[in-house]
Amino acid sequence: MAERQSIELHINEETHVVSPDTGNTLLQVLRSTLSLTGTKRGCNQGVCGACTVLRNGVPARSCLTLAVECDDEEITTIEGLAPNGKASIVQQAFVKVGAPQCGFCMPGMVLVATALLREHSNPDQAEIREALSGNLCRCTGYVKIAEAIELAAEQLV
Ligand code: FES
Ligand code: FES
């Protein structure tokens, strides 16, 4: 039987005590244990970025992160950007420019964009493309996503 250890995850400013198997990923705990299904399971091997969350403010692939590594850390999922049901400025910008198509990549994209804009209030196209480079979208060609980030940057000033 797999070994278990109790850990505290501070997710979207709420503390959860969970006891995952040592091999459970953060993605598994978010989706299966805590029903935070906004975090998507795409490739499950670190390639697509659909499972991106913020780990202490930094984008991280939750499918490659063991849950036990996150003990006492601050985790932000897409649900945490709209705690009272009001979309964040970044989310609103994505909708306004029509960035989502199927939407599957969007939670990861929005979290990456949020982290970028916290670090760089006025990123140029190269910085935006670099930030998005680890997140795959098979629908949009990235143009609208980059446009949304530029719009959000203007509105956050
Ligand atoms: S599901 Fe984690 S990178 Fe694809
Ligand atoms: S909108 Fe479909 S994968 Fe990005």
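When I say contact today, I mean heavy atoms within 4.5 Å. With that settled, let's start at valine 18, which is found in strand 2, residues 14-18; helices (H or I, at least four residues) and strands (E, at least two) are DSSP runs, numbered from the N terminus. Leaving out neighbours within four places in sequence, valine 18 is in contact with Gln5, Ser6, Ile7, Leu9, Val29, Thr33 and Leu34.

Before I go on, some housekeeping. This is a predicted model, so local features need pLDDT of at least 70 and side-chain atom pairs count only at pLDDT 80 or more, while totals for chains, interfaces and linings use all residues. Residues are numbered from 1 along each chain as its sequence is written, chains are lettered from A and ligands numbered from 1 in the order in which they are written, and side-chain values use heavy atoms, with hydrogens and water left out.

Okay, back to valine 18. Is valine 18 buried or exposed? Buried, with a relative accessible area of 7%; buried means under 20% relative accessible area, exposed over 50%, and partly exposed in between, using a 1.4 Å probe and protein chains only.

Now zoom out a bit. The chain has five helices and five strands, and along the sequence they run β-β-α-β-β-β-α-α-α-α. Of its 157 residues, 44% count as buried. Among contacts with a separation of 6 or more, 54% are between residues 24 or more positions apart. The C-alpha trace spans about 50 × 30 × 25 Å along its principal axes. The radius of gyration, taken over C-alpha atoms, is compared with a globule rule of 2.2 Å times the number of residues to the power 0.38. For 157 residues a compact globule would come out near 15 Å, and the chain has 16 Å, which agrees.

On to the helix packing. Two packed helices are described by the angle between their axes and the distance between the axes. Here, axes are lines fitted to C-alpha atoms, for helices over the stretch in contact, and angles run from 0 to 180 degrees between N-to-C directions.

Take helix 3 (residues 106-119) and helix 5 (residues 143-156): their axes come within 11 Å and cross at roughly 40°. The contact is made by Met106, Met109, Ala113, Leu116 and Leu117 of helix 3 with Ile145, Ile149, Ala152, Ala153 and Leu156 of helix 5.

Helix 3 also packs with helix 4 (residues 125-132), at an angle of about 135° and with the axes 10 Å apart. From helix 3, Met109, Val112 and Leu116 make this contact, and from helix 4, Glu127, Ile128, Ala131 and Leu132.

Last one: threonine 114, also in helix 3. This threonine is buried too, with a relative accessible area of 8%. Not counting residues up to four places away in sequence, threonine 114 touches Leu81 and Val90. That's my tour, thanks.
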